[in-house]
Amino acid sequence: MKTTISALMLGTALIVGAGTGAFAQDKVVKIGNLTDMSGLYADVGGPGSTTAAEMAIEDSGLTKKGWKIDLISADHQNKPDVGTTTARQWIDVEKVDVIVDVLNSGVALAVKNVVTEKNSIMINSGAASSDLTNAQCSPNVVHWTYDTYMLANSTGTALVKAGGDTWFFLTADYAFGAALERDTTAAVTKAGGKVLGSVKHPLNSSDFSSFLLQAQASKAKIVGLANAGGDTTNSIKQAAEFGIVKGGQKLAGMLMFISDVNSLGLNVAQGLNFTETFYWDMNDQTRAFSKRYAARAKNKAMPTMVQAGVYSGLLHYFKALEALGGNPHDGKKVVEKMKSMPTDDALFGKGTIEPNGRALHPAYLFEVKKPSESKGPWDYYKLVGTTPADKAFRPLSESVCPLVKK
């Protein structure tokens with residue numbers, strides 16, 4: 001009897017030991033690109049984010065070291081319920097380890113709750129709401145590319161200092177628009193400016209005439225467009241028809257992407273100021289990546305900062321997994337490792353990830369070139385100013401995120 005019990009105990013110990021070893025050496029990863037594949041943000045993220053994720057997998061070098069990495073994509077249709085349903089299906093059934101892009105703040109804030117509950121990971125490069133690393137922060141989320149605080153801090157402050165001290169907002173009526181108007185209002189007021197009013201418009205609007213007439217009637221020096229994608233380009237096109245800029249008011253695209261400028265054309269977009277954290281023509285490294293990306297992208301376009309953020313965020317994720325010696329399938333543990341390691345890649349340069357999940361890197365204020373200044377396709381921006389990484393985003397001293405120790 002003693003011999004039998006000893007044998008059983010030894011067998012159990014060997015099984016547990018083997019299981020522990022297998023866990024430590026698990027080199028299987030599944031990535032889900034959750035984005036807008038067909039709506040007003042499809043050119044910002046969409047299929048291009050899938051391309052960026054594919055490039056990150058290849059450039060990580062992990063598959064050559066024996067890792068198995070799979071990538072799937074889905075269209076959340078800019079609907080939080082679709083986003084959360086997809087996220088649950090991916091995590092529970094598809095065994096997805098990390099969800100990337102997540103364009104649309106309403107979707108991202110909802111998916112954040114799912115990945116936190118399931119102890120998965122979201123590396124957000126598409127949604128803008130600064131709440132993701134402030135009031136609604138999570139130990140399972142890293143916010144990579146940009147946010148509403150940074151946009152307001154850079155563009156809003158710069159325009160007030162340049163004389164644009166009265167503002168009126170055209171705001172997309174969902175979480176992103178509300179956060180962007182809120183953060184920009186704070187930046188404008190802090191810089192000595194004044195907000196004269198605002199009007200909300202439905203997501204994916206086609207007719208901005210009534211909203212623009214209110215902005216025109218306000219006599220504000222700056223009409224702040226607290227929207228994005230197709231809503232921004234439609235606002236700008238229709239503002240030109242109403243003669244708003246010719247009448248002396250200035251448009252401020254609070255969130256614009258190179259895809260928007262390409263859609264508008266330089267004749268319409270020239271002179272616009274806005275902030276981004278990535279531009280394809282910044283240096284030799286960004287140019288090399290962007291040309292590789294454009295060569296394989298379906299639309300042959302240069303990458304947006306969202307797509308660049310998908311690439312860079314995943315590269316850092318892979319570095320963390322490799323440093324852990326395998327995939328523990330423990331979201332909090334992996335995110336903690338990501339935060340403990342300095343970030344360093346060809347697109348965003350060197351930086352850090354703060355305790356609240358905010359990735360820090362410089363922000364750049366650009367002005368769209370005149371047609372006569374452009375030297376060729378996609379040569380759209382000239383650099384106006386740079387905000388250092390430690391100044392671009394909300395300081396931890398102002399954070400209400402419970403992950404930040406006061």
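Leaving aside its neighbours within four places in sequence, with which residues is Pro-371 in contact? Keep that in mind while we look at the whole chain, which is a predicted model in which local features need pLDDT of at least 70, side-chain atom pairs count only at pLDDT 80 or more, and totals for chains, interfaces and linings use all residues. Residues are numbered from 1 along each chain as its sequence is written, and side-chain values use heavy atoms, with hydrogens and water left out.

**The chain as a whole**

Along the principal axes, the C-alpha atoms fill a box of roughly 95 × 45 × 35 Å.

Of the 406 residues, 56% are buried (buried means under 20% relative accessible area, exposed over 50%, and partly exposed in between, with a 1.4 Å probe and protein chains only). Among contacts with a separation of 6 or more, 71% are between residues 24 or more positions apart; a contact here means heavy atoms within 4.5 Å.

**Strands side by side**

You can follow the pairing from strand to strand; two strands pair if DSSP finds at least two bridges between them.

| Strand | Partner | Sense | Bridges |
|---|---|---|---|
| β1 (residues 28–35) | β3 (residues 98–101) | parallel | 4 bridges |
| β3 | β4 (residues 121–124) | parallel | 4 bridges |
| β10 | β14 (residues 363–368) | antiparallel | 4 bridges |

Within these pairs, Gly-32 stands opposite Ile-99 in β3, Val-100 has Ile-123 in β4 as its bridge partner, and Thr-275 faces Leu-365 in β14.

In a regular strand the side chains alternate between the two faces of the sheet. Strand β10 (residues 273–276) is covered on both faces: Asn-273 and Thr-275 are buried on one side, and Phe-274 and Glu-276 are buried on the other.

**Two prolines around β14**

Pro-362 sits in the loop between β13 (359–360) and β14. Its relative accessibility is 19%, so Pro-362 counts as buried. Not counting residues up to four places away in sequence, Pro-362 touches Thr-277, Phe-348, Thr-386, Thr-387, Pro-388 and Ala-389.

Pro-371 belongs to the loop between β14 and β15 (381–387). Because its relative accessibility is 35%, Pro-371 counts as partly exposed. Here is the reply to the opening question: leaving aside neighbours within four places in sequence, Pro-371 is in contact with Leu-266, Asn-267 and Gln-270. The C-alpha atoms of Pro-371 and Gly-83, which are 288 residues apart along the chain, are separated by 40 Å.

**Two asparagines with positive phi**

Asn-104 is not a glycine, yet its phi is positive at about 95 degrees. Asn-104 lies in the loop between β3 and α4 (105–118) and is buried, with a relative accessible area of 4%. Asn-204 likewise has a positive phi, near 65 degrees, and its place is the loop between β7 (194–201) and α7 (209–218).
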